[in-house]
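Please look over the notes below alongside the model.

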Amino acid sequence: MNEIIGDTRMNHEVVILVAEDDEGHAGLIKKNLIRAGLVNDLQHFKDGQEILDFLFKKGDGPHRQSGVSYVLLLDIRMPKVGGTQVLEQVKADADLHRMPVIMITTTNDPREVEQCHNLGCSNYITKPVNYTDFVNAIRQLGLFLSVVEIPKINGISTV
Amino acid sequence: MKQQNDIERDADEAINQPLLEDESEKAASGHNHDQDFLLKSVSVSCDAGTIIIALMGMLSYIPGLGLLGSIHQDYIPMAPSTAICFIILGSILLALILQSPSKASILLYSAMAALISIFSALEVAGHFIGRDLNFEDALVPNFGYLGNIPIARMSPSTGALFTLAGLAVLALLMRHKSHDRKISLGHFGGCLGCLVVGTSLAFGLAYLYGSPFLYGQNTTIPMALTTAGAFLMLGCVIVSNAGRKSVPLSLLNTTKHSNNPMSARRRFLLLTLIMVGACAMVMAVITAILYRYEINQQREMLQVTAKSQARLIEAVARFDAKTSSTIKNANQDYDASFSTLSQIIDAHEHYEGFGKTGEFTLARRDGESIIFVLRHRHGSVERPLPVDFDSDLAEPMRMALQGLSGTIIGLDYRGETVLAAHEPVAVLNLGIVAKIDLTEINTPFLRSGLTAAAIALFIVLVGTALFFWISNPIIKRLETHSRKLEKEIKERALLSTQLKTKNKELEQIIYVASHDLRSPLVNIDGYSKELEYSIDDLRREFDKTQIPTETLAPILDHDMPDALRFIRSSASKMDTLLTGLLKLSRSGRASLMIDLIDMNDLISKVVEASEFQIKKAGVELSISELPPCKGDAVQVNQVFSNLLGNALQYLDAERPGAIRISGRIANERSVYCVEDNGIGIAQTHQNNIFEIFHRLNPAKGEGEGLGLTIVTQILSRLSGNIWVESIPNEGSRFYVALPTEMNKK
């Protein structure tokens with residue numbers, strides 16, 4: 001409903017949220033996304049609590065805005081609140097559950113992959129140590145983001 | 001002092017009962033449940049028995065149903081008052097067994113039990129005072145006699161036992177009221193119950209010796225046999241109702257001491273007690289049977305003798321009477337009977353008697369006295385003194401003179417209890433008695449009984465001692481053994497839990513390590529690459545700006561890229577190791593689906609997966625017919641993939657590769673062999689190859705050094721094993737043994 005009412009924004013206006021406790025990883029992701037040609041806004045969150053505060057508009061930090069499309073890159077192992085917990089809460093929320101969530105994690109443990117897919121993540125990327133693999137993975141992510149229609153979240157205003 | 005402690009401990013036990021049952025008795029609870037059930041069924045059936053016997057006792061007073069109350073017409077029946085007491089006590093106990101009584105009913109039951117105790121105690125007291133309290137005249141006003149024993153009256157012995165039984169039931173009832181003294185009241189009731197059982201058993205056994213033993217000469221009412229039987233059952237009900245923990249039952253209860261096994265002394269005492277009891281019972285029964293047999297034998301013998309003597313005397317008298325008619329003609333004073341008598345007396349002078357005390361007596365009745373005509377064996381007087389006809393003495397003779405023929409146990413002319421046969425002598429109006437002192441019959445029995453008892457006791461003691469001598473070392477060994485086992489089991493359980501925690505920790509460590517250790521590697525590798533980009537950028541900038549780079553060129557072209565290459569290759573190697581660790585930890589956690597595996601099928605799949613490498617290496621692969629085995633198909637696939645991978649990896653470049661996979665069944669196990677003609681493994685390394693991260697040739701080829709570790713782990717989970725035979729430069733044979741389908745049976 002809201003998509004029709006609001007402007008259909010271009011994909012490059014999608015804001016990429018990165019929840020990643022490792023600054024280095026966040027930096028690499030950013031660099032490589034840029035290198036892959038994505039010019040979207042990118043917001044970095046240091047742990048699960050920060051991203052939850054942002055998404056659910058709590059605390060003093062920045063809050064999400066209505067009518068903006070977001071995509072969330074989520075690390076599984078984070079301090080305070082883990083990635084799977086964040087995913088769970090996001091998928092349980094009426095406004096947020098359609099937001100694409102891409103898990104970016106260091107392990108490819110099949111059980112963890114399965115758990116994330118069961119919770120409803122859109123994609124699952126293992127952080128490869130090998131740089132070229134990593135770049136390929138990020139490129140694919142860029143490709144994915146440019147192809148997929150990202151729904152906007154209008155949050156409270158729709159209620 | 002010790003007893004005091006015991007009582008205190010009992011009290012503690014009573015307070016801590018729920019706790020105790022929780023801890024030490026949990027293991028034995030199943031056993032206890034069985035015991036409780038057994039006790040309950042014994043109680044109910046014995047109780048029912050008591051009530052039925054009592055009811056039959058009551059019914060026997062209805063004319064025509066006499067035999068119901070007594071098992072033999074020569075035995076006295078149960079008194080009505082006794083029967084009523086039995087019915088009341090039995091009903092109270094039945095109510096106690098079947099349901100937990102309310103406070104009011106406890107009060108009522110207690111009052112009834114107390115009343116029975118008081119009534120029966122008065123009955124006993126009355127007997128000792130010598131005054132009948134006439135309680136029972138209300139029930140049966142005109143009682144009869146069996147011999148000289150009055151029936152339908154409670155015996156003093158019955159009264160005594162009722163006093164005890166009433167108190168016991170009272171104690172059992174109080175147990176429901178006062179929880180503080182539950183245990184000690186149980187002990188009290190149980191002991192009284194035991195006393196009742198023992199006494200009634202003694203009376204029952206006495207009946208085995210024959211009723212004369214009890215009825216004897218006295219006029220006191222003995223306990224009826226049916227009463228003894230009813231008391232036996234009532235006692236059993238009381239004992240089993242007193243509870244598993246009361247003294248009499250806990251003596252036999254071995255499970256109570258499961259934590260602290262019975263001491264040798266206690267065992268010895270208990271065993272001796274049981275053996276002595278059993279021996280005594282057997283001896284009593286045997287002696288009783290023999291005694292009855294002996295008495296009957298004697299009876300018959302005496303009767304035959306008395307009868308034959310009587311007939312003989314009659315014959316002589318008749319003969320004398322016949323001949324006297326001719327003699328009488330010559331001599332007016334001639335008395336035929338006198339002549340017969342004098343002949344008999346004359347004959348008797350030469351015959352002292354039979355046995356030690358056996359003799360004949362011959363007497364006639366003269367008015368109110370019995371006149372003995374023969375000289376007696378006992379006593380010094382030439383002619384025995386006459387006995388008053390109404391006195392208690394000379395009972396057999398009185399019978400004979402009354403014209404009765406038979407046998408009797410009674411007092412003779414001396415006042416001695418004798419077994420006698422009495423027979424009237426018709427012709428002369430005499431009575432003849434053949435008798436023998438009862439003590440003469442009893443004495444050998446008493447003597448042999450005592451001797452046998454002494455011998456039996458000796459044998460029992462020796463036997464028990466011998467039994468202990470033999471069994472004690474065994475029991476002790478078993479005890480130490482079981483203690484050791486118990487300790488070991490406890491230690492093992494502890495170890496096992498420790499091992500489980502450790503295992504979990506290890507899993508966690510491996511998981512965290514492979515997870516968190518990779519994180520920094522991503523950065524190391526990623527930023528190294530970023531640095532490479534930066535160096536390239538720098539190089540391009542330098543080229544653009546034409547800054548002289550003679551000194552910088554080697555740094556930018558060699559030193560820095562080399563350093564970064566080393567950093568990145570190390571990071572990559574570390575990543576490989578971590579991935580391997582993760583794989584190992586996963587394969588250790590994977591759930592297994594044990595099934596029968598068609599190995600021909602499985603191996604062909606394994607080979608298919610490695611087809612490319614096999615073709616690339618130009619290996620000649622031969623596979624023979626393989627037996628099936630039991631295992632998890634995915635895991636077994638992993639095993640053979642790893643083995644085939646190893647074989648392919650360590651081929652000798654000098655010669656064309658050949659790999660052979662074969663299998664057979666040996667010792668109920670399927671044994672498979674993967675054989676190659678590769679570089680082989682030196683003897684000294686053969687054990688190390690299964691260690692984690694061990695690599696034969698780290699420089700050559702890739703791999704984590706985990707292949708064989710994973711194989712070993714999988715096989716240990718599938719109850720299989722692996723071993724290797726190898727000759728360097730000739731090749732290796734890896735053997736894998738797995739359970740065959742035959743193990744399934």
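In what order do the 5 strands of the open sheet in chain B run?

1. The order is β10-β12-β13-β15-β14, all in chain B, with mixed pairing. Strands here are DSSP runs of E with at least two residues, and helices are runs of H or I with at least four, numbered from the N terminus. Two strands count as paired if DSSP finds at least two bridges between them.

2. This is a predicted model: local features need pLDDT of at least 70, side-chain atom pairs count only at pLDDT 80 or more, and totals for chains, interfaces and linings use all residues. Residues are numbered from 1 along each chain as its sequence is written, chains are lettered from A and ligands numbered from 1 in the order written, and side-chain values use heavy atoms, without hydrogens and water.

3. Chain B has an average pLDDT (the predictor's confidence in each residue, from 0 to 100) of 81, and 87% of its residues score at least 70. In residues 1–28 of chain B the pLDDT is below 50, and this stretch makes 12 contacts (heavy atoms within 4.5 Å) beyond near neighbours in sequence. For the complex, the predictor gives an ipTM of 0.73 and a pTM of 0.47.

4. At the edges of the sheet lie β10 (620–623) and β14 (721–727) of chain B, each pairing on one side only.

5. Within the sheet, β13 (residues 669–676) and β15 (residues 731–739) of chain B are antiparallel, joined over 8 bridges. B:V674 faces B:F734 of β15(B) across this pairing.
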